Amino acid sequence: MTSSKKCLIGLFTIAFSSLTYGQELAQRIPAHADMVAVLNNQAIVKHSSIEKLNQVLSQLGAFDALQGDQQRTVDNIEDFDLDYDRNAYLYRTDSDSAYYVGILIPLKSGHNIEKNLFSALPTATLSNGFRQTTTKDKKTQLAWNENSLLILTGNYKSHYFRNDSVAASFGIEQPAYADNGYDRPFSPLDLAYSPPTNVSTENIDAIADSIQVIADSIADLNVALADTAMQTTTITPQDSIAPPVVIAVPPPVLTEDWNEDDALIDTAIAYDDYYDTQYDSYNDDSYKEEMIRNAKNDSIKNSLFKAWITTELEQHLHLAKASTVHKQIGKYDKNNTLVHVWVKDLDEVYRSALPFDELGMGLGIDMKNLNYGYQDAVLDLVQDKNVLTLKGSVGLDKDIQRLFAKMYKSKVNRKFAKYIPENHLGYVSLNINTEAYLNSIPLLFERWYAPMLFQYDDLINIAGTTLQIALDEKAIAKVMRGDHVVFINDLKKVKTDYIDYEYDEDYNYKEVTKTKEEEIPNFLWMFTSEDQRIFKRLLLFAEKKNQASQSEGIFKIAKDEKSMPVYIYFKDDLVFVGNDEAQFSAIKDNRFETSKDASVKKQIFANNMTATVHTPQIPEVIRKLGIPIVGREHKTVSSLAEYGDITLKANGIKKNRIEGEFSVAFPLKENNALQYLLQSIIDTMN
């Protein structure tokens with residue numbers, strides 16, 4: 001078995017099992033790390049099953065791969081050289097030219113990892129006592145001592161070498177087409193392939209002139225083609241990308257069916273074939289040159305990175321300052337958190353993920369000035385019995401925190417609790433203070449967008465101020481305060497018309513209108529409105545135009561008698577919108593049967609946003625909707641009936657951080673969620 005495969009299987013095993021709390025390895029993480037992930041082995045082992053882990057790894061062939069040609073027998077994860085009483089860490093560091101990913105793995109006392117994993121690789125002893133080796137591609141460095149292993153990998157950043165001075169200093173050849181279009185004369189046709197990035201008045205004039213040249217050329221070409229269609233000529237091959245004016249084509253056969261237009265079309269096809277052949281020949285040569293240039297450039301870049309990562313390894317083994325200055329790295333529930341991830345700067349993640357150069361050159365957006373006010377971010381994968389939850393929080397600077405706190409400050413209307421349906425498939429609630437949101441728009445424009453679009457910053461600020469003046473935030477907030485709840489109830493049957501076709505004996509058909517029954521979601525939406533005049537006036541206007549009707553204060557909007565109607569009703573400071581007439585009658589007559597599930601009320605009133613799906617009801621909904629299920633999907637869909645709720649919620653602002661989470665309640669077939677996932681993997685492989 002090759003050493004590279006051993007390393008991969010070893011890393012996979014580590015990801016499953018090798019980490020807990022213990023802080024000594026955290027001292028080995030560089031202070032400038034911009035991302036750190038903690039794998040909490042004690043929690044993983046506590047909530048997991050050694051038997052199931054061994055079964056998964058055995059079926060994946062991990063034990064056989066790690067054993068290889070060694071004399072040592074590997075039958076379970078306890079035979080590995082890993083210390084399961086300490087955490088392992090994964091971190092990322094960044095520079096202008098490259099990024100690096102380090103993995104710190106705790107090792108057992110008296111381990112023999114060099115023999116068991118790296119016997120096929122050349123090793124050396126470093127000055128500080130670490131043993132070191134390098135993978136065959138030279139892009140991954142490994143160093144270990146008596147209690148830990150560091151794996152350092154990464155890659156160079158391509159955009160670093162796009163700078164002409166940087167490229168020249170390393171002997172990297174920039175593509176010729178970046179400057180002069182493959183070293184060939186400029187043609188107006190080039191505009192179709194390479195539009196200018198900065199369009200000024202002169203550019204527009206040049207484009208207009210070029211378009212006229214193209215139009216004239218096409219007109220001349222049509223004349224030449226028409227002449228050519230009536231005569232036979234020969235040409236002399238030319239080593240040029242430009243097509244010859246005269247093209248050799250077979251003489252037209254003059255028959256009774258001969259048509260001048262057909263001849264012109266045939267000649268045009270011959271012209272296109274000739275042009276494509278000549279252009280493809282040119283492209284073949286250019287492609288080969290490009291491949292040679294890229295191979296040379298890649299070789300230089302790879303050689304540079306190999307040298308850089310060797311230097312980087314030394315720095316990671318001799319740290320001047322460790323990352324423990326970042327408090328969030330150690331802040332997590334040691335008993336239930338399986339994985340804890342800390343990101344130093346979320347704004348920087350956005351800046352790195354977006355295409356700097358393209359946005360800058362094409363749209364004039366300076367991504368270096370992007371500043372949403374987001375600071376560090378934290379993600380935790382937490383297990384609580386059969387529920388797995390991904391919790392997240394983001395730090396905010398003072399200005400953004402102040403704005404967001406006002407938006408999320410308002411309370412949900414307590415009257416919503418009276419109108420929670422007993423049976424529903426799911427619900428969504430949202431509570432954002434409309435007045436505070438509208439007041440914040442000019443400040444957010446000025447903060448978020450003006451610095452990036454610096455050439456338009458004055459216009460953006462003026463637009464924000466204009467918007468603030470034009471909008472009456474208090475009046476709008478009275479119309480729609482900002483708290484909403486939507487319940488998706490059970491499906492209901494409705495009759496709908498559709499077009500079908502009937503055929504006679506001669507296969508002549510005619511359209512016929514037929515009626516069918518289908519299931520559609522039944523919903524109820526409610527929101528707070530202290531000023532309902534605009535809604536009522538619009539409905540009364542629709543009633544005058546015979547597009548709405550009213551019965552005892554309940555408005556009904558329907559396209560025709562057979563279409564699904566939408567009902568609207570006003571009660572106190574609430575507006576109700578839905579499509580179940582019986583439900584609206586119950587609301588009007590105070591007969592509405594409210595759900596006794598206290599958890600629904602708690603979620604709606606405690607969070608600024610909640611979205612919940614009652615997963616056990618999904619299989620029945622799919623059946624009623626007539627969605628076809630084939631093959632193995634039957635078992636997957638059926639298993640959903642054993643799950644609990646899937647919930648997404650945002651908790652608002654807490655201690656200068658905005659928080660949220662996503663959770664899934666897994667079936668109660670195993671002791672907990674992690675064991676259920678392991679058993680699912682085993683069942684899938686079987």
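1. Ser429 stands opposite Thr610 of strand S18, and that pairing is a friendly place to start reading this predicted model. Strand S11 (residues 426-431) and S18 pair in the antiparallel sense over five bridges; two strands count as paired if DSSP finds at least two bridges between them. Helices (H or I, at least four residues) and strands (E, at least two) are DSSP runs, numbered from the N terminus.

2. Buried here means under 20% relative accessible area, exposed means over 50%, and partly exposed lies in between (1.4 Å probe, protein chains only).

3. A word on conventions before going further. Residues are numbered from 1 along each chain as its sequence is written, and side-chain values use heavy atoms, with hydrogens and water left out. As the model is predicted, local features need pLDDT of at least 70 and side-chain atom pairs count only at pLDDT 80 or more, while totals for chains, interfaces and linings use all residues.

4. For the overall picture, the chain has 22 helices and 20 strands. Of its 686 residues, 40% count as buried. The accessible surface comes to about 39200 Å², and carbon and sulfur atoms hold 54% of that; areas come from the Shrake-Rupley method with a 1.4 Å probe, and for residues only the protein chains shown count as cover. Among contacts with a separation of 6 or more, 69% are between residues 24 or more positions apart, a contact being heavy atoms within 4.5 Å.

5. Please keep the confidence in view. The average pLDDT of the chain is 78, and 72% of the residues score at least 70; pLDDT is the predictor's confidence in each residue, from 0 to 100. Over residues 15-23 it stays under 50, although the model has 49 contacts beyond four places in sequence for them. Residues 178-208 are also below 50, and this stretch has 24 contacts beyond near neighbours in sequence. Where pLDDT is low, the predicted coordinates should not be read in detail.

6. Helix H20 (residues 618-625) deserves a look from the side. Its residues Pro619, Val621 and Ile622 are buried. They lie on the same side of H20, because they cover an arc of only 160 degrees around the axis, taken from the directions from the helix axis to the C-beta atoms. Their cover includes strand S12 (483-503) and helix H21 (633-639). Just after H20, Gly626 takes a positive phi of about 75 degrees.

7. The term covers a side-chain nitrogen of Lys or Arg within 4 Å of a carboxyl oxygen of Asp or Glu. Both residues are in H20, three residues apart, about one turn of the helix. An α-helix has 3.6 residues a turn, so residues three or four places apart point the same way. Glu620 is partly exposed at 35% relative accessible area, and Arg623 is exposed at 56%.

8. What about the other salt bridges? A search of the whole structure finds 24. In one of them, Lys649 and Glu661 meet at 3.6 Å, N to O. Lys649 lies in strand S19 and Glu661 in strand S20 (residues 657-665), so the pair ties together parts that are twelve residues apart in sequence. Lys649 is buried at 18% relative accessibility, and Glu661 is buried at 17%. Elsewhere, Asp34, Arg92, Asp94 and Lys157 are linked in a network of salt bridges.

9. Last, do visit Trp144 in strand S6 (residues 141-144). With a relative accessible area of 3%, Trp144 is buried. Leaving out residues up to four places away in sequence, the residues that Trp144 touches include Leu107, His111, Phe118, Phe130 and Leu149. The C-alpha atoms of Trp144 and Leu317 are separated by 9.9 Å, although the two are 173 residues apart along the chain.
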